[in-house]
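Student: I have a new structure open and would like to learn how to read it. Could you walk me through its features?

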Amino acid sequence: MASIVSEMPIAAADRREARIAWLLAAPAIVLLFLFILLPTFAVVLLGFTDFELGYGGFRFVGLENYAELIGDRTFRRSLWNTAVYTAIVTPISIVLALAIALLIEAETRAKAFFRTVYFLPVASLLVAMATVWQFLFHPSIGPINTFLAGLGIPGPNWLGASGTVLYGLSIIGIWQSVGFNMVLFLAGLTAIPRELYAAAEVDGAKSRLDRFRLVTWPMLAPTTLFVTTISIINSVKVFETVKTLTEGGPNKASEVLLFTIYQEGFVYLRVGYASAMTVVFLAILVVLMFLQYRVLDRKVHYA
Amino acid sequence: MTANLSFGRILRFTLLSLGALIFLAPYIFMISTAGKAQSEIFSSSLSLIPEQWSYVENFTKALSRVSMPTLLMNGVIVCAMIFVVQIVVAIPCAYAMAKLKFRAARLMMVLVMLGLLVPIHATALPLYVAFDRLAVLNSYTALVAPFSISVFAIFLFLQFFRAIPDDLIHAARLDGMSETGIVARVVVPNAWPAITAFAIFSVVAHWNDLFWPLVVVTNQHYATPPLGLLYFRAAEAGDDYGALMAATLIITFPLVAAFLVAQKRFVEGITMTGLKG
């Protein structure tokens, strides 16, 4: 067998290798087309139709769905709420995660213990833990408000009032994502060469703050950029807590993008209209990724 | 200097402990409330140890309303099926792209990068319509099929396979090994760290996923843990928090236990997949 392979003319051997490569990649290519490319194409197409599940035909309506979206108060509310949620969760969870990572990195003894504790929410079933948070947030019997009452502060009806529901959901979102970000920061911190700190000290960076500003922060920049992008994307995708705890309520105060799409498409079965919403959702993700590449590119040029 | 240092250390330790307490609070209250009787929960005391131990009562309730073994079993079956198919599909493809003379490798790379952008939420509507037409809603097929292809797995393995020395593969070829043999006996054993990392990433993602099961499953029989808990909440009219906490405890436990046992691998896995993703 070995001798046959080595005696084959090079062109034939190449063709054989190419054929094997196609065979090995074939299942992946077929499935990629079937479950990613085709549906993505279909969702864009469906966005131009008035297709509703349960009704036979559909017709192309051009940009009608998009025109309707612009005037749709629920959709606009949903975009706004998603933006507010993202604007709260992303910065806080990043700053907290970085702070915790720095503290843990400097810690000598209980390092592993703290890492485990802060990471625990990432490994916990979010729907289940959301249920626990609902109890914690309960207006009358919840521990949070009982605690606040002990301090003489009247606690709000966290998830039940339109003024506070997004904050409540954001707290859960932060609690759930800090551990993930922290682990990425810890990996970024260990990758910084120790010599840089020594060099900075020689150059006169005496205080810890100086060393952070001169070494840690710039060296951590790629990690920070990455964590920021992934945090924003995950926040834009918030769904589980909303579906489990509030169903978009009260009064659409916690209506978020994926929940609205879910509601329109899979509950009211207005597939065409929900597809147009999905296209907007997809466009947001594409823009975010594009921005990340742009920033990354610039970093490379300056370096 | 030493006094300063120790003050810093105490401050650091206190901050970390305080934060840890806040992060653990939901678990503490979950365990505590799961053992309290309804009347005690409504007395809204902050005491953590139940006056009367009602663990048995609450757990019996939790177990009788929704079939927990079915839920957990479904979770295991679906996650296992997804992971196995993903691996079997992605590894040969990544190998072809990394190590063989494969003309389409460039194009595949572009498709993979595009695929990374598209989450299940974006493809859910057409897939739902198609599955409805094919009458495969409410089945393991519906739960597993869309995740059979993981472009992320291809992406991750590709980077790993590129680092495997070509000589190793040439040597295997000269020994008369077929390309599939090389994948199974040379490439896979060398890629264990990537495979474990991906396993953890995949299982955590699909064990926790609510969106897709919610879309394709309406029959309790095929409910995964998150969906089952949603049913349990719906069936649990009113605020029977004792039983609810017992149910959340049962459902959260398996993955948390797995994490605590293999936490080093978990953290490594999430770091590796996180940074590459």
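Tutor: Let's begin with domains, whose bounds come from an automatic or database domain assignment. For chain A, that assignment gives domain 1 (1–39) and domain 2 (64–299). The centres of these two domains of chain A, taken over C-alpha atoms, are 43 Å apart. Keep in mind that this is a predicted model, in which local features need pLDDT of at least 70 and side-chain atom pairs count only at pLDDT 80 or more, while totals for chains, interfaces and linings use all residues. Residues are numbered from 1 along each chain as its sequence is written, and chains are lettered from A and ligands numbered from 1 in the order in which they are written.

Student: How many helices and strands are there in chain A?

Tutor: Helices (H or I, at least four residues) and strands (E, at least two) are DSSP runs, numbered from the N terminus. Chain A has 14 helices and zero strands. Chain B has 15 helices and zero strands.

Student: Is chain A compact or spread out?

Tutor: Here we use the radius of gyration, taken over C-alpha atoms, and a globule rule of 2.2 Å times the number of residues to the power 0.38. Chain A has a radius of gyration of 26 Å, well over the 19 Å from the rule for 303 residues, so chain A is more spread out than a compact globule. Its C-alpha trace spans about 85 × 70 × 40 Å along the principal axes.

Student: At what angle do helices H4 and H8 of chain B cross?

Tutor: Axes are lines fitted to C-alpha atoms, for helices over the stretch in contact, and angles run from 0 to 180 degrees between N-to-C directions. Helix H4 (residues 68–99) of chain B and helix H8 (residues 151–162) of chain B have axes that come within 8 Å and cross at roughly 45 degrees. Angles under 35 degrees count as roughly parallel, over 145 as roughly antiparallel, 65 to 115 as roughly perpendicular and the rest as oblique. H4(B) and H8(B) are therefore oblique to each other.
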